[in-house]
Amino acid sequence: ALLLVLKELTAIALQRAMQLLTQADMELLQAIYYQGMTERQFAKKKSIHFMTIHNRKVSILHKLKKILENEKTWCKSDSHRLRE
């Protein structure tokens, strides 16, 4: 049961973090991770060099990681206050 709760909280945190992305960033992530498109296919569709797409993807994932790390830190400090 705890694992299911943690998975749900992670999914919610990721959804909230993704709302902070630009429309272009969301489009790229949706194409690659939800529609199963490769970086090369997406690059061809957008008429952009595939390395540009790859670098954008890496940058977006790094941005998401930072957002989630900040949220994790905030949640820890918030839960600490609740215990006091």
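This is a predicted model: local features need pLDDT of at least 70, side-chain atom pairs count only at pLDDT 80 or more; totals for chains, interfaces and linings use all residues.
# Close-up views of charged side chains

View 1. Residues are numbered from 1 along each chain as its sequence is written, and side-chain values use heavy atoms, with hydrogens and water left out. Glutamate 69 forms a salt bridge with lysine 65, with 4.0 Å between the closest N and O atoms (a salt bridge is a side-chain nitrogen of Lys or Arg within 4 Å of a carboxyl oxygen of Asp or Glu). Both residues sit in helix H4, four residues apart, which is about one turn of the helix (helices are DSSP runs of H or I with at least four residues, numbered from the N terminus).

**View 2. Lysine 46 meets glutamate 27.** A salt bridge joins lysine 46 to glutamate 27, the closest N and O atoms being 2.7 Å apart. This pair links distant parts of the chain, 19 residues apart: lysine 46 belongs to helix H3 (residues 39-46) and glutamate 27 to helix H2. Lysine 46 is partly exposed at 33% relative accessibility, and glutamate 27 is partly exposed at 28%.

**View 3. Glutamate 39 meets lysine 57.** Here the two side chains come together in a salt bridge of 2.6 Å, N to O. Glutamate 39 in helix H3 and lysine 57 in helix H4 (residues 50-83) are 18 residues apart, and the pair links distant parts of the chain. Are these two residues buried or exposed? Both glutamate 39 and lysine 57 are buried. Across the whole structure, a search finds four salt bridges.

**View 4. The surroundings of aspartate 25.** Aspartate 25 lies in helix H2 (residues 23-34). Its relative accessible area is 9%, so aspartate 25 counts as buried. Leaving out residues up to four places away in sequence, aspartate 25 touches Arg56, Ile60 and Lys63 (contact means heavy atoms within 4.5 Å). With the side chain of lysine 63, the side chain of aspartate 25 makes a polar contact of 3.0 Å (a pair of N or O atoms within 3.5 Å; within protein, one must be able to donate a hydrogen and the other to accept it, and residues adjacent in sequence count only if both atoms are side-chain atoms). The C-alpha atoms of aspartate 25 and isoleucine 60 are 6.7 Å apart, although 35 residues separate the two along the chain.

Methods:
Helices (H or I, at least four residues) and strands (E, at least two) are DSSP runs, numbered from the N terminus. Buried means under 20% relative accessible area, exposed over 50%, partly exposed in between (1.4 Å probe, protein chains only).
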